[in-house]
Amino acid sequence: MLYNIMFKYFNPYKIFKINSTLQKFVFFSFIIVLSIGLVESLFLSPEDYLQKDSVRIMYVHVPAAWISLGIFSTIALLSTSVFLYKNKNLILVSKSLAPSGMLFTLIALVTGSIWGKPTWGTWWAWDARITSMLILLILYIIYLLSFRISDDKDKSNKISAIIAIFGAINIPIIKFSVDWWSTLHQPASITLTEKSTIHSSMLVPLIIMTAAFALFSILIFLMKYNTELIKIKNKGLKRL
Amino acid sequence: MISDLILMNGYGIYVWSAFAFTLIGFSSLYFIINLQLKKELKRFKKNFSELEKEKYKVAINQETYKEILKHSGSKI
């Protein structure tokens, strides 16, 4: 039943058609949301009483970290489904999600480093959260490179899926690192179960920037998926 | 007023560089992926035009091929 539904909706033709139509819509939505987010986060939101204006870095650092974790979790989940349902399209989806996930991890690390200098007085510390985020970046790089390991597509697909599944162990480590170890990072200010401790004047730009970043990752996913699909179809043309 | 926005009480260099890095990262990835997409579309268009008559007939009836050709700017 589930397999039939997946086969029906993960049909390459349907996805290519929807992707191509959606790309322009997502691109314009991203530009609009990002513009609003930038104005809100750089000019309209208040400065922090302790961190002053350096707190504005939060509006790029936190959404980037959230989305990078979300994307890797999705890749790991899809990779598990690859073994369960043997649907090769899920590999294509995972592979297309990875580039934006890698970029967001890099953004989280670099902006975190920039934020660290005025806040902690250092660009880098081997703190549990920062180190586990660096491991995530390495995992993204290995995951993307794994598709080039072998000419045997099935073999490289299996290897990449295994990397994603084992790499998922790092996700709870990143999330709970601030609770398990004594780190420079503060515990989470926003959780799904409790009321946010961030004032709405800062929460609104944070949400808008998160939406903009999510739209960007969707845009890159749509473009990358179509690129990979055309690549496969190009090979198919030669085999006709 | 404008200098206050730029300097941000001495934190401007940190804030602007963090935002600049993010936006440069976005633009770079977008252009790389867009370039790859255009390259693959161009390659597809070329391979399709070089197909033999019989193979062309088979390929043109496949929905995905038709859709890709449509987006590569080819007249089917």
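Predicted model: local features only at pLDDT ≥ 70, side-chain atom pairs only at ≥ 80, totals over all residues.
Which residues are exposed on the other side of α6(A)? They are A:Asp154, A:Lys155 and A:Phe166.

Helix α6 of chain A runs over residues 153–167. With 15 residues at 1.5 Å a residue, α6(A) should span 21 Å, and its end C-alpha atoms do lie 21 Å apart, so expectation and model agree. The buried residues of α6(A) are A:Asn157, A:Ser160, A:Ala161, A:Ile163, A:Ala164 and A:Gly167. Viewed down the helix axis, these buried residues fall within an arc of 160°, and therefore they line one face of α6(A).

Chain A contains 8 helices and 0 strands, and along the sequence its pattern reads α-α-α-α-α-α-α-α. The radius of gyration of chain A is 20 Å, close to the 18 Å that the globule rule gives for 240 residues, so chain A is as compact as a globular protein of that length. Its C-alpha trace spans about 65 × 40 × 35 Å along the principal axes. Of the 240 residues in chain A, 40% count as buried. Taking contacts in chain A between residues at least 6 apart in sequence, 78% join residues at least 24 apart.

Chain A also touches chain B. The contact draws 36 residues from chain A and 35 residues from chain B. On the chain A side, α2 (12–44), α4 (88–120) and α8 (200–239) each supply at least two residues. By type, the chain A side divides into 21 nonpolar, 7 polar and 8 charged residues.

Chain B has a backbone detail of its own. Most residues other than glycine have a negative phi. B:Met8 has a positive phi, near 50°, and B:Asn9 also has a positive value, near 55°. B:Met8 is found in the loop between α1 (2–7) and α2 (12–49) of chain B, and B:Asn9 is found in the loop between α1 and α2 of chain B as well. What are their surroundings? B:Met8 has 19 other C-beta atoms within 10 Å, so it is partly exposed. B:Asn9 has 10 other C-beta atoms within 10 Å, and is therefore exposed.

Methods: Residues numbered from 1 in each chain as written. Chains lettered and ligands numbered in written order. Contact = placed C-beta atoms within 7 Å. Helix = DSSP H or I, 4+ residues; strand = E, 2+ residues; numbered from the N terminus. Nonpolar A, V, L, I, M, F, W, Y, C, P; charged D, E, K, R; others polar. Expected span 1.5 Å × (residues − 1). Buried ≥ 20, exposed ≤ 12 C-beta atoms within 10 Å, placed from the backbone. Arc of directions from axis to C-beta. Rg over C-alpha atoms; globule rule 2.2 N^0.38 Å.
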